[in-house]
Amino acid sequence: MHDELAACALALAQRFAAGATMWCVAPGADHHARHLAVEFVHPVVVGARSLPAVAIGADDPLTAARTGDVLFVLGAADAAMVDRATAHGLVLMQLDARGDELFDGTLVRAYHVLWELTHVCFEHPGLVA
C-alpha cells in the first residue's frame, strides 16, 4: 500500500501544481470525504500549503469541476461516478477501503499519509514541475 500511496501523492501534487481542485467523495461514508477535504484545505503544519479540495456527495453532478481536476474516491467508485468524472475530464484517484477499513482507522491513516506525502512532493520542486 505504501508504494501506491506514494505514487498517488506524487500524481496529486502534480495535479495541484497544474491548478487542479480535488473533489472528494466517499460513497456511504460522507464524513470521510469531508475529513479528507479539510486535511488539504486547512493544513496544520507550519509552511504547508492550503490546497483546493471540496467534499461532495456521491450523486453530485460535478458541474463546478474543470478538466484536469481530480475526483478522489474513498471507497468504491460505481460506474455512474466514473462516467461523470470522465465526462467532465477529471482525473480519477481512489483509496479503495473495504468493510471495516471505513471505520477502524485504516482509511483515516491512509489519507493522512497521503496528505503528508503530497506535501513532501512540494518540498522537491523538480517532482511537481
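**Figure 1. Packing of helix α1 against helix α4 in the predicted model**. Helix α1 spans residues 2-17, and its axis lies 8 Å from that of α4. The two helices pack at an angle of about 55°; α1 and α4 are therefore oblique to each other. Their crossing is right-handed.

**Figure 2. Residues at the contact of α1 with α4**. From α1, the contact is formed by Leu5, Ala6, Cys8, Ala9, Leu10, Leu12, Ala13, Phe16 and Ala17. These residues meet Ala110, Val113, Leu114, Leu117, Thr118, Cys121 and Phe122 of α4. By residue class, the contact of α1 with α4 comprises 15 nonpolar residues, one polar residue and no charged residue.

**Figure 3. Packing of helix α2 against helix α4**. Helix α2 covers residues 30-41 and helix α4 covers residues 106-122. The crossing of α2 with α4 is right-handed.

**Figure 4. Residues at the contact of α2 with α4**. On the α2 side, the residues are His32, His35, Leu36, Glu39 and Phe40. Helix α4 contributes Leu107, Val108, Tyr111, His112, Leu114, Trp115 and Thr118. The residues of this contact divide into seven nonpolar, four polar and one charged. Leu114 and Thr118 of α4 take part in the contact with α2 and also in the contact with α1.

**Figure 5. Arg49 over the ring of Phe122**. Arg49 is placed over the face of Phe122, at 4.2 Å from the ring centre. As for pairs between aromatic rings, the count in the model comes to one, where ring centres must lie within 6.5 Å.

Key: Residues numbered from 1 in each chain as written. Predicted model: local features only at pLDDT ≥ 70, side-chain atom pairs only at ≥ 80, totals over all residues. Heavy atoms only, no water. Phe/Tyr/Trp six-rings, centres within 6.5 Å; stacked < 30°, edge-to-face > 60°. Lys NZ or Arg CZ within 6 Å of the ring centre and 35° of its normal. Axes fitted to C-alpha atoms, helices over the stretch in contact; angles between N-to-C directions. Helix = DSSP H or I, 4+ residues; strand = E, 2+ residues; numbered from the N terminus. Left-handed = near helix turned anticlockwise from the far one by under 90°. Contact = heavy atoms within 4.5 Å. Nonpolar A, V, L, I, M, F, W, Y, C, P; charged D, E, K, R; others polar. Parallel < 35°, antiparallel > 145°, perpendicular 65-115°, else oblique.
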